[in-house]
Amino acid sequence: MSDQPCRLCRISLDHVHVNLDKETQLEDVSLHIHCGEITVLVGPNGAGKTTLLRALLNQVPFSGEIRHEDHDGKPFSKVVTGYVPQQLPFDRQMPITVRDTLAAALSRRAVWTGVSRATRLKALETLKTAEAESLIDKRLGTLSGGELQRVLLALALTPTPDLLILDEPVSGVDQNGQMLFLKTVDTLRRHHHLAILMVSHDWDMVKKFADRVILINKSVLAMGTPEEVFSSPAFSQAFPVVKAGDSQ
Amino acid sequence: MSAIYNLMDAMLPQSVFGLAFMKNALLALLLLTPLLALIGTMAVNRRMAFFSDALGHSALAGVGLGVLLGLQDLTLVLLIFGLLFALFISYINRRGGASADTNISVFSSTGIALGLALLSGGGNFGRYSSLLVGDVLAITTKDLLSLALLFLFGIAIWLLVYNKLLLSALNPSLAQSRGIRTVLVENLFVCLVAAAVMLSIRWVGILLINALLILPAAAARNVARSVPQHTLLSVVFSLFSGVAGLVLAFQLGTSVGAAVVLCAAALYFISYLARFFLKRNQ
């Protein structure tokens with residue numbers, strides 16, 4: 001990963017609507033995501049969090065506008081987006097190593113013909129960004145949840161993205177794995193000034209790492225610092241079981 | 001072609017490969033088995049064994065249509081029918097609704113029934129029963145040329161799209177976020193499977209083609225831990241089954257397709273047992 005500063009400044013969503021299978025998934029969503037910040041998206045199940053991420057990834061049709069702007073406020077078209085999916089429900093018996101997975105993404109040479117020394121070195125460099133280089137020769141199916149997420153994070157960081165999208169990246173990962181993952185993300189934000197958008201349900205984690213929180217349920221209900229959103233009436237309404245103490 | 005025959009005469013035992021049809025059969029198997037083994041690795045990883053089985057069965061309907069249209073050469077109609085059938089099943093599966101195995105089963109049975117209905121008109125099905133088991137000994141040099149083209153075309157596609165296909169097999173959203181057009185590469189893959197199945201079916205047979213596609217890749221998967229290992233072992237197992245099956249069929253006077261598949265099945269069971277002795281999970 002290069003040390004060049006991010007070229008993108010902010011991502012603006014203006015009046016974004018998404019309808020899927022004749023159902024409204026997102027309604028009139030307007031928000032900004034800034035570089036150098038970790039923005040956390042929260043909301044109840046079925047609130048459209050993943051749909052919002054997919055709209056940003058251009059994987060679902062939407063109306064309204066999603067604009068990428070550089071530091072001078074000019075449109076920025078060549079946005080590189082890194083994406084770490086919520087879960088990777090792949091066949092764990094598949095004969096594929098971490099090296100093969102990275103080689104498939106980083107090299108043009110078909111992986112079945114073998115992996116060159118240069119590609120292997122590139123894969124190692126990539127894995128280092130997420131402290132995962134020791135996993136290079138492991139079979140993908142034998143990795144723990146946390147290890148797999150670190151490999152996926154490393155993959156999402158090559159080539160260096162302007163926007164990093166993490167869909168509940170640490171759900172089902174043990175406490176140590178979670179901390180390691182989030183510290184890596186935090187370091188990335190500091191050093192590379194990435195815009196990071198993350199879905200999470202872990203309030204402690206949100207308080208610790210988020211710069212901004214956006215609460216959605218089809219549309220935006222609250223936006224601001226973690227403290228502002230957690231103390232908002234909309235938050236208590238969306239998550240009535242979370243006690244005030246949990247969110248303060 | 002005569003140079004290849006001369007080389008084969010010099011290298012192979014005359015007692016088995018003395019006759020031209022045996023040389024042709026060997027060449028056909030040397031072209032077909034590695035390609036099916038390569039494609040098979042992805043078919044197994046994507047859990048598409050049932051899909052390719054349905055594709056093989058649908059060949060009966062393809063032949064039926066060709067006969068109905070009064071065509072002499074059925075290769076082209078089989079190929080076109082196979083491509084459309086494969087693309088249509090993939091489309092229906094992407095649309096959702098019923099589960100993939102239910103969709104495929106519906107198409108498979110429809111294909112067989114349509115083929116039987118068209119071909120059994122006038123009680124003539126006996127003329128086409130060779131399609132069920134295939135006959136690699138009847139292959140001509142012209143057929144070998146089309147197999148050689150299929151082989152080259154298949155390898156070229158496999159070199160170009162494999163990485164994209166592998167990433168979309170792992171996670172379509174992840175693949176899309178890296179700029180991969182997953183629907184396009186998946187369609188290319190099912191078309192390649194369809195072309196390989198349809199062009200091999202006269203030699204291997206409707207009942208056995210899927211075994212040749214799936215068994216070597218499944219056997220290799222039992223013992224491989226990386227993509228290159230999986231591919232290499234699948235090709236080696238497939239070539240071995242092809243050659244050993246041909247020789248065995250010649251010695252025992254039995255169907256070549258059946259002998260080849262039995263050799264592949266034997267390798268599958270051996271590799272299944274071997275996996276317990278290999279430290280594959282490290």
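Predicted model: local features only at pLDDT ≥ 70, side-chain atom pairs only at ≥ 80, totals over all residues.
Local features in it need pLDDT of at least 70, side-chain atom pairs count only at pLDDT 80 or more, and totals for chains, interfaces and linings use all residues. Residues are numbered from 1 along each chain as its sequence is written, while chains are lettered from A and ligands numbered from 1 in the order in which they are written.

Reader: How many helices and how many strands are there in chain B?
Author: Helices (H or I, at least four residues) and strands (E, at least two) are DSSP runs, numbered from the N terminus. From that end on, the elements of chain B run α-α-α-α-α-α-α-α-α-α-α-α-α. The count for chain B is 13 helices and 0 strands.

Reader: What is the radius of gyration of chain B?
Author: The radius is taken over C-alpha atoms, and the globule rule is 2.2 Å times the number of residues to the power 0.38. With 282 residues, a compact globule would therefore come out near 19 Å. Chain B agrees with this, at 19 Å.

Reader: At what angle do H12 and H13 of chain B pack?
Author: Helix H12 (residues 227-252) of chain B and helix H13 (residues 256-274) of chain B have their axes 7 Å apart. Axes are lines fitted to C-alpha atoms, for helices over the stretch in contact, and angles run from 0 to 180 degrees between N-to-C directions. The angle for this pair is about 135 degrees.

Reader: Which residues in H13(B) does H12(B) meet?
Author: Contact is judged by C-beta atoms, placed from the backbone, that lie within 7 Å. On the H12(B) side, the residues include B:Phe237 and B:Leu248. Their counterparts in H13(B) are B:Val256, B:Ala259, B:Val260, B:Leu262, B:Cys263, B:Ala264 and B:Leu267.

Reader: Which strands are the edge strands of the open sheet in chain A?
Author: The sheet has 6 strands in the order S5-S6-S7-S3-S8-S9, with mixed pairing. Two strands pair if DSSP finds at least two bridges between them. An edge strand pairs on one side only, which here holds for S5 and strand S9 (219-224) of chain A.

Reader: What is the bridge partner of A:Thr39 in S8(A)?
Author: Strand S3 (residues 38-42) of chain A and strand S8 (residues 212-217) of chain A pair in the parallel sense over 4 bridges. In S8(A), the partner of A:Thr39 is A:Arg212.

Reader: Which element gives the largest share of the side of chain A that touches chain B?
Author: In total, 22 residues of chain A are in contact with 24 residues of chain B. Strand S5 (81-84) and helix H2 (98-106) of chain A each give two or more residues to that side. The largest share, 4 residues, comes from H2(A).

Key: Contact = placed C-beta atoms within 7 Å.
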